[in-house]
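Hi,

Here is the structure I promised to pass on. Have a look at it first, and then read my notes below.

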Amino acid sequence: MKPRAGIIGPNDSVHLISEIATEYSDRLQSVPFIYQNPEEATSIVQKNQHAVDLWILAGPALFNPFQKSDVKQPFFLLQLDGASLTKTLVDIIYNDKRSLERISIDTLTERDVYETYRDLSIPSNQVYVHEYTNETPLDNLLAFHQKHIQDGKVDICITSLRSIYDQLCLHNITAYWVSPTRSNIRETLSTALQQWETMHFKHSQIAAILVKVQGMEKKEDHNMVSYDLHRLNLEIQSAILNFAESISGSFVTIGTGIFVIFSTRGSLEETENSIASLLEKLSLLADLPSNIGIGYGDTALTAEENARLALNHAQNYDSFCAFLVDNNGTIEGPLKEQEAISYQYRTENKEISEKLKNSGITITTFNKILSVQKRMGNGSITATHIAEWLKMTPRNARRILTGLVEEGIAEIIGDEAPSSKGRPRKIYRVSDTSEMINR
């Protein structure tokens with residue numbers, strides 16, 4: 001399916017972008033939206049977001065109105081550069097025979113402006129620039145040009161915003177409008193298509209969700225018919241069925257207390273019913289450890305294999321938590337908690353692998369430690385941090401860090417005073433694989 005691109009901006013820009021968009025007609029459907037003033041953009045986007053898949057914004061003044069609209073579709077802003085300015089300068093000097101030395105220019109960066117003048121061997125000591133940021137009020141740009149005209153510093157104003165151009169013309173000020181070049185437009189359209197197709201492919205990946213409620217088979221009582229167990233099983237199935245329905249998926253039972261749901265990555269990521277809410281529901285239904293493993297993959301087989309790996313990590317971490325393994329092999333979790341760590345379960349660094357083997361530490365544990373250290377934000381870690389995040393005893397955490405130090409993968413960089421009486425805690429810094437390679 002071709003994405004529908006909403007092209008929004010002033011009349012001239014929208015027509016030019018739409019014209020160039022016909023070159024991509026086999027991959028893109030353009031939907032034009034023309035405004036008279038940038039402030040109209042918010043309303044246009046809010047009313048028409050159902051009709052498009054992505055947005056092409058014709059100018060920088062549209063960024064803030066678009067942000068205010070809270071629209072969910074991706075958007076792409078046309079960027080102006082020195083090439084855009086060169087086109088305008090050629091028009092001024094070649095067609096209108098005017099000087100390029102007493103000019104005020106807005107929106108473009110000083111670097112682009114002065115480099116363009118330098119490349120054209122034109123003096124720029126009487127060229128004044130007002131850069132534009134997303135926080136710049138449009139009235140400031142108009143006032144910038146008017147003041148330089150009133151002070152007699154400039155004869156010509158160049159603006160990148162059509163609304164400013166129109167107002168300058170109303171005040172009988174000689175003004176020119178910098179419009180995007182065709183190459184600017186083609187580059188933006190190509191980027192938009194590439195990112196949308198990547199996102200669309202990603203959303204269409206298969207998602208496998210393995211749910212396991214442990215210990216249900218142990219609830220069997222040989223002296224009675226297990227009606228209660230069947231009722232519990234049906235209630236659990238009902239909860240999982242409701243969740244599967246919310247993500248347009250299907251589910252099957254693959255064992256006592258074990259279920260698998262198949263859907264798409266996009267459906268799972270867009271649902272309002274989170275994995276955490278399903279875990280909470282299971283915890284209310286059964287006083288038994290429950291875990292969820294989520295796997296993404298290009299095939300059902302890959303997705304299910306990743307889901308099994310994720311479930312294994314969830315079970316090893318804690319009761320009532322979920323982990324995720326994506327198609328690149330990255331593990332994320334626990335998803336139930338507000339803060340989660342991400343890590344890899346493999347490494348291609350042979351030196352690291354050998355050192356970890358010598359210290360008796362698995363690659364997964366090492367990558368978890370690196371992820372925790374990254375989350376700490378200061379490039380260091382303590383045994384307490386590792387014990388808390390990886391659900392192990394402080395003694396075991398200290399043993400692991402000592403092993404890493406002995407193999408040269410970590411170093412002691414300081415001491416930390418304990419919160420209560422006791423010896424100072426050592427602070428470590430663990431080297432990542434890139435640092436090991438660069439040594």
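Leu-16, Ile-17, Glu-19, Ile-20 and Ala-21 in H1 meet Arg-182, Ile-185, Arg-186 and Leu-189 in H8, where a contact means heavy atoms within 4.5 Å. By class, that H1–H8 contact holds six nonpolar, no polar and three charged residues. For the classes, Ala, Val, Leu, Ile, Met, Phe, Trp, Tyr, Cys and Pro count as nonpolar, Asp, Glu, Lys and Arg as charged, and the others, Gly among them, as polar.

Before the rest, some housekeeping. This is a predicted model, in which local features need pLDDT of at least 70 and side-chain atom pairs count only at pLDDT 80 or more, while totals for chains, interfaces and linings use all residues. Residues are numbered from 1 along each chain as its sequence is written, and side-chain values use heavy atoms, with hydrogens and water left out. Helices are DSSP runs (H or I, at least four residues), numbered from the N terminus.

Back to that first pair. H1 covers residues 11–21 and H8 residues 182–203; their axes come within 10 Å and cross at roughly 60 degrees. The axes are lines fitted to C-alpha atoms over the stretch in contact, and angles run from 0 to 180 degrees between N-to-C directions. H1 and H8 are therefore oblique to each other (under 35 degrees is roughly parallel, over 145 roughly antiparallel, 65 to 115 roughly perpendicular, and the rest oblique). Their crossing is right-handed, that is, the near helix is turned clockwise from the far one by less than a right angle.

H8 turns up again in the second largest pocket, where it gives the most to the lining, with four residues. H8 and helix H10 (265–270) each supply at least two lining residues there. The second largest pocket holds about 300 Å³ of space. Of the 13 residues that line this pocket, the closest to its centre are Trp-196, Met-199, His-200, His-203 and Glu-270. The lining splits into four nonpolar, six polar and three charged residues.

The largest cavity has a volume of about 130 Å³. It is lined by 17 residues, and Tyr-35, Gly-59, Ser-160, Leu-161 and Arg-162 lie nearest its centre. Its lining has 12 nonpolar, four polar and one charged residues.

On the terms: using a 1 Å grid over the protein atoms alone, a cavity is a set of points where a 1.4 Å probe fits but cannot get out, a pocket is an open set with protein on both sides within 12 Å along at least five of seven lines, and lining residues have an atom within 4 Å of a point. Points are joined across faces, edges and corners, and a volume is the space filled by probe spheres set on them.

- H6 (residues 138–150) and H7 (residues 162–170) have axes that come within 10 Å and cross at roughly 40 degrees. Leu-138, Leu-141, Leu-142 and His-145 in H6 meet Ser-163, Ile-164, Gln-167 and Leu-168 in H7. That contact has five nonpolar, three polar and no charged residues.
- H15 (residues 383–390) and H16 (residues 394–406) pack at about 120 degrees, with axes 8 Å apart. Ala-383, Ile-386 and Ala-387 in H15 meet Pro-394, Ala-397, Arg-398 and Leu-401 in H16.

Cheers
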